[in-house]
Amino acid sequence: MTDFLLSKTFSNLTVDELVNKVQANMDEARFRHCQGVSITARKLAKLNNYDEDKAALAGFIHDYAKQVANEEFIRVIKDKNNGFDQDLLNWNRAIWHGIVGTYFIKRELGITDSEILTAIRRHTTGDVEMTTLDKIVFVADYIEPGRSFSGVDEAREVTFANLDDGVGYELAHTLQFLASNRQKIYPKTLAAYNVWGIKKEK
């Protein structure tokens, strides 16, 4: 993608080294998605007066662990030294790749910036408290140029007009999708909806 640009890695890796590691950890479609999220995150950061380089990096690595084997996720969660809530074993990679993905990002990419790691951790679930970077990565993942689901144009319009409204839009439509398909809803996602997704009293 010609708009894709990383200026900083927030680790000891060079930009080329980091990009190569990320690309080696996923298939080509996932890699293009990560580039798209990075581009979108940079645009949202500029609109919201946030560090564009940090947003672009967080967007790029948000799915670093997306294609890690389930057995490896389970091993990391079960190892008490890693400090993960054992309730995570009742969920799946849709949740794991954000929350547990931070373990792999720290170990393999050497990124320890707490703000970046928190944004990665929250991008699969949302949360009742979300920083500007949390919100940027959360919605950039949802509206990046490669997305083509019904309603994505409206999601983009809402998000670029107001970041908080974009978070609310995504949460509302995600919960609607999960409920309509009778899928489990992660408790933090439901709690996040009750903060960001409901229509505010005027």
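Which residues lie nearest the centre of the second largest pocket?

**Basis**

This is a predicted model, in which local features need pLDDT of at least 70, side-chain atom pairs count only at pLDDT 80 or more, and totals for chains, interfaces and linings use all residues. Residues are numbered from 1 along each chain as its sequence is written, and side-chain values use heavy atoms, without hydrogens and water.

**Second largest pocket**

Asp165, Gly168, Trp196, Gly197 and Ile198 lie nearest the centre of this pocket, and eleven residues line it. A pocket is an open set of points on a 1 Å grid over the protein atoms alone, where a 1.4 Å probe fits, with protein on both sides within 12 Å along at least five of seven lines; lining residues have an atom within 4 Å of a point. α10 gives the most to this lining, with four residues.

**Helices α10 and α11**

Helix α10 covers residues 163–180 and helix α11 residues 187–197. Helices are DSSP runs (H or I, at least four residues), numbered from the N terminus. The two axes come within 9 Å and cross at roughly 135°. Axes are lines fitted to C-alpha atoms over the stretch in contact, with angles from 0 to 180 degrees between N-to-C directions.

Contact means heavy atoms within 4.5 Å. Among the residues making the contact are Gly168 and Leu171 of α10, and Tyr193 and Trp196 of α11.

**Largest pocket**

The largest pocket is lined by 27 residues, and Ala94, Thr124, Thr174, Phe177 and Leu178 lie nearest its centre. The largest share of this lining, six residues, comes from α10.

Notes. Helix = DSSP H or I, 4+ residues; strand = E, 2+ residues; numbered from the N terminus.
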